[in-house]
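Dear colleague,

I am handing over the structure we spoke about, and below it you will find what turned up when I went through it. Please keep the model open while you read.

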Amino acid sequence: MFIVGLGTACPERRYSKADCWKAFQASAWFERLDRRARMLAERVLLRDNGIDARRLSVESLQDVFAIDPDTLHARFLANAPALAACAARRALADADVLAPAIDGVVISTCTGYLCPGLTSYVSEALGLRPDVQALDLVGQGCGAALPNLRMADALLASGRCARVLSICVEVCSAAMYLDNDPGVLISACLFGDGAGAAVLSVQPHKNKRKILWKTAASLVSPGERDALRFEQRGGLLRNVLTLAVPRIAATHAQQVLEMALAAEGMRQADIAGWIWHAGGRDVLAALRDKIGLSMDDFHCSAAVLREYGNLSSAFVYFVLQMALREKASGGHWWLASFGAGFSSHGALLEVE
């Protein structure tokens with residue numbers, strides 16, 4: 001499988017941490033939460049946490065604090081298909097591929113639910129063929145990009161598809177929840193909205209860098225499910241985020257990397273580029289320490305995190321796109337994501 005096109009999309013409105021703090025202070029929620037929760041929000045939003053700004057699917061930050069099931073579902077319905085289609089159009093253009101040439105489309109999300117799924121809306125918006133293989137994947141959280149891409153790889157390897165469109169889209173502002181729990185508050189301060197897309201093909205692009213998907217590995221640890229997940233409360237998605245997440249993420253990421261390298265008879269020193277899902281600044285620090293990397297190895301991941309926040313499953317498309325735009329050195333690149341489950345995934349790419 002070859003990655004022949006990439007595209008990303010975000011809402012137009014950019015909100016800084018200071019903007020979010022002012023809006024929170026002006027909201028009714030400021031007095032509803034206890035003093036400790038307000039102090040935590042202030043610390044996260046006004047000190048350096050590796051994030052400067054986020055893009056959110058709201059006309060005004062005051063809209064963020066309208067937290068009820070109907071409002072959040074309407075936000076997802078209005079924005080998830082549009083963001084997904086925008087990222088997909090950009091990926092198709094980057095690949096020099098027309099929509100009718102797509103044989104399969106795989107879309108992942110965890111921040112909203114539609115039936116029929118997003119593939120129905122996006123196929124209509126793009127003008128994909130009526131017989132396109134359309135698959136909706138849900139419930140995989142921040143790690144969903146790699147399972148999505150592995151599904152595309154399977155479709156291509158089966159011979160049933162020659163080109164597959166992979167899309168991850170998250171409207172995290174449609175999964176807003178606030179209470180006094182530190183994990184809930186930190187989540188509200190970390191996540192942004194966005195979509196990423198890739199065109200996958202059995203043949204490389206003739207006029208661009210060749211990006212070959214060589215092998216992939218995954219690890220799922222249900223025993224640590226409660227460390228990071230969504231739960232339903234009052235008809236709303238409530239993010240469960242615990243202090244153990246950076247440690248768990250780093251431990252599992254190392255294991256997945258070692259599995260993939262062993263399968264290819266390679267060493268960590270053979271990796272020339274690193275495409276990491278960030279999670280947050282503490283997660284990057286834990287990955288650095290556990291795997292023995294430098295902060296330079298997280299340059300693109302840290303840059304995307306600082307400008308966009310945690311984009312959940314869409315994040316790694318932004319990082320890969322940035323590395324290619326910066327003309328990072330070729331060789332073997334490691335593409336990795338992790339999230340709810342607890343799940344961890346990685347893929348070895350060969351970039352020329």
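The lining of the largest cavity has eight nonpolar, no polar and no charged residues, where Ala, Val, Leu, Ile, Met, Phe, Trp, Tyr, Cys and Pro count as nonpolar, Asp, Glu, Lys and Arg as charged, and the others, Gly among them, as polar. The residues that line this cavity are I3, L6, L149, A198, V316, Y317, L320 and L335. Its volume is about 50 Å³, and the count of cavities of 30 Å³ or more comes to one. A cavity is, on a 1 Å grid over the protein atoms alone, a set of points where a 1.4 Å probe fits but cannot get out, whereas a pocket is an open set with protein on both sides within 12 Å along at least five of seven lines, and lining residues have an atom within 4 Å of a point. Grid points are joined across faces, edges and corners, and a volume is the space filled by probe spheres set on the points.

Before going on, please note that this is a predicted model, in which local features need pLDDT of at least 70 and side-chain atom pairs count only at pLDDT 80 or more, while totals for chains, interfaces and linings use all residues. Residues are numbered from 1 along each chain as its sequence is written, and side-chain values use heavy atoms, with hydrogens and water left out.

Which elements supply at least two residues each to the lining of the largest cavity? They are β1 and α11, and α11 gives the most, with three residues. Helices (H or I, at least four residues) and strands (E, at least two) are DSSP runs, numbered from the N terminus.

β1 and α11 return in the second largest pocket, where β1 (2–9), α4 (69–95) and α11 (315–325) each supply at least two residues of the lining. The largest share of that lining, six residues, comes from β1. The pocket holds about 320 Å³ of space and is lined by 14 residues, of which L6, D94, K208, L324 and R325 lie nearest its centre. By class, this lining has five nonpolar, four polar and five charged residues.

Now to the helix packing. Two packed helices are described by the angle between their axes and the distance between the axes. Axes are lines fitted to C-alpha atoms, for helices over the stretch in contact, and angles run from 0 to 180 degrees between N-to-C directions.

Helix α10 (residues 299–308) packs with α11 at an angle of about 120 degrees, their axes being 9 Å apart. The two helices α10 and α11 are therefore oblique to each other, given that angles under 35 degrees count as roughly parallel, over 145 as roughly antiparallel, 65 to 115 as roughly perpendicular and the rest as oblique. Their crossing is right-handed, a crossing being left-handed if the near helix is turned anticlockwise from the far one by less than a right angle, and right-handed if clockwise. On the α10 side H299, C300, S301, A303, V304, L305 and Y308 meet F315, F318, V319, M322 and A323 in α11, contact meaning heavy atoms within 4.5 Å. This contact of α10 with α11 has ten nonpolar, two polar and no charged residues.

The contact is made by F76, L77, A80, P81, A84, A85, A88 and R89 of α4 and by L118, Y121, V122, A125 and L126 of α5. Those residues divide into twelve nonpolar, no polar and one charged.

A cis peptide bond joins C115 and P116, with omega about 5 degrees, and P116 lies in the loop between β4 (104–109) and α5. The peptide bond from G341 to F342 is cis as well, with omega near -10 degrees, and F342 lies in the loop between β12 (331–339) and β13 (343–351). D96 has a phi near 60 degrees, a positive value in a residue other than glycine, and D96 is found in the loop between α4 and β4.

With best wishes
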